[in-house]
Amino acid sequence: MKNQIRLSLVLLFGLALLQSCSNTIEGDLIITNVNIIDVKSGDIDSNMDLIVNGEKITSIVEHKSNANYKAENVIDGSDKFLIPGLWDMHTHTWWGYEELFPLLLANGVTGIQEMFGDLIAVKNIKDKIKNGEIVGPEYISAGRIIDGKPPIQPGSDQADTPEKGREIVRRQVNDGADFIKVYSLLRKDVYLAIADESKKLGIPMLGHLPDGVSLNEGIKAGHKSLEHFIGVLEYNLKDRHHYHDVMEGKEKDTTLLGNNTYVKMLEYMVKNHDPKKVDSLIAMLRDSETWVSPSNVVNRAYSNQTDSAISQNKYLAYMPHYLQENWKREPYSDRMYDAMKAHYNLSLSIMGRMQDGGVKFLAATDYGNPYVYAGFDLHEELQIFVDVGFTPLEALQTATINPAKYLDRTAELGTVEIGKIANLVLLDKNPLEDIKNTRKIAYVLQRGKAFDNSTLQHTLDSIRNYNSLPTVYEELLTVVEKSGVDKALERYEEIKQNESGKYTFDKFQLNLVANALLKEKKYKDAITLYEFNNKEYPNYYYGYENLGEAYLEFGDTTKAIQIYTRAKELNIAEKPLRILENIMEN
Ligand SMILES: [Zn+2]
């Protein structure tokens, strides 16, 4: 009898153990009973349990109703849809990461390709993400844009000979660039040298296809991604050789060059568009390794800046104050808006056909530019793709599996599969039925760390509330004008001590006041404020850049060199090195 009891106890215990083994699911985080979208095929695996350990998806199993979950975080995925985290493939975060990364996260954007990097700053930001100091996306970055001499964008690296181009590529690779970004005014021979050097060093080259370079030549040179659709409509021109030769300065054509060159180029592209060339364009791109990253939202924003739907959009409230200030510009001429709109609409009119023909597209916003809203506008970009004829699945691919293929990182990114990094977005509704559903976010996972909707919403609300406060900048500007700089600094201290919660109070504010004074050529006052702000925020790079500029304008080169040297020693940015080089050269 005793033995029998013992035996049945053993049996019972064994059964219980067996049962607990089969029904217990363990992990750091588990999403239960969820619909997993396969972004490659559009298939949906329903009723699955997905297990995350650390930063990775370690298991995906069929859901059992009687399962026993052992995890720090169990998320009920019932009736919800799981997609990979989204990529924005053209961004300009600069030093705004503290303000902009939360907007990305709240919108399910878990990866970005930064297009104009300062490699020291980039390294600092990457380190902060890596050691958990901030929550940030997968982050790959170019160094400084490489353009001709003089360049379009201030602060670009400038190459006017093939050897200089090669030298810059080598330096940027050495400094940790993830890819090389080229720009519109590079001469063809310089561009080809940059392409060749990049190929030799095994680093991707992409960006604006230079105006003098044809699409055929760019593809042959290994141009990896065509930004903003540049190069595409050029290919369709009735006489593209003439166009590129004019741009290279080999031929003359006043309908293209001279005053208003940019508007003329846009008009020329629309007027001389040859629809018969579209088929060969598609075939060529399909058979190439080159991707197309049209960044429709930025093209739309530029051509519609006077439209309040763009410039007074509800998302403006989430943009940091310094960006909003920066975006206020004189409107372009009507002719310019007409040309930009016509060019944009022509681009849209062939995009659906290109996708159907097998051209490879990437989703990108170009945020940082006026009225392009970081995070939010990635969803707009997907919507535009659908509007021009992509299926919702194809649109979704441009921000998930396509970036992973493009980056050659399909082993760890781009789909919801075992072994991949847990960058995930859990949606309340099916995005394959309506692409708008990518905005219905229940959870975002960044490398296994989960953020629920109410946390994300709370973050967004506090950003909006903060941005809606009166600014220290405006308050102090009034004081300066009435009573001078010393009184303004007294007021600053007063606000800092007693009223900081009542104002937008950040590192940009005093510099904005100083910038305004600099414009009025009140050098001493501006310098006093810059100096003060640098003490307040010793790691704020623009503080040094602006102060150095003020000294240069004031004619005190020695002092400027001191400031840039100080910034260089702090190792917060690469730019002081380049400025110092320039000062020494000239
Ligand atoms: Zn850009």
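**Ground rules.** I number residues from 1 along each chain as its sequence is written. The model is predicted, so local features need pLDDT of at least 70 and side-chain atom pairs pLDDT 80 or more, while totals for chains, interfaces and linings use all residues, and side-chain values use heavy atoms, with hydrogens and water left out.

**Entry 1: the open sheet.** I looked up a sheet of 3 strands. Its order is S6-S7-S8, and the pairing is parallel. Strands here are DSSP E runs of at least two residues, and helices are H or I runs of at least four, numbered from the N terminus. Two strands pair if DSSP finds at least two bridges between them. I then checked S6 against S7 (residues 109-114): 4 bridges, parallel. Leu 86 stands opposite Val 109 in S7.

**Entry 2: strand S15.** I moved to S15 (residues 424-427). Leu 424 and Leu 426 point one way, Val 425 and Leu 427 the other, and all are buried. Buried means under 20% relative accessible area; exposed is over 50%, and partly exposed lies in between (1.4 Å probe, protein chains only). S15 runs antiparallel to S5 (residues 81-84), joined by 4 bridges. Leu 82 has Leu 426 as its bridge partner. S15 also runs antiparallel to S16 (residues 441-446), again with 4 bridges. There, Leu 427 is partnered by Ile 441.

**Entry 3: helix H15.** I asked how many of the 12 residues of H15 are buried. The count is 10. Among them are Phe 376, His 379 and Phe 385. Just after H15, Gly 389 takes a positive phi of about 120°.

**Entry 4: a pocket.** I looked up the second largest pocket. A pocket is an open set of points on a 1 Å grid over the protein atoms alone, where a 1.4 Å probe fits, with protein on both sides within 12 Å along at least five of seven lines; lining residues have an atom within 4 Å of a point. Of its 19 lining residues, those closest to the centre are Glu 55, Ile 129, Lys 130, Gly 136 and Arg 447. Which element gives the largest share of the lining? Helix H3 does, with 5 residues.
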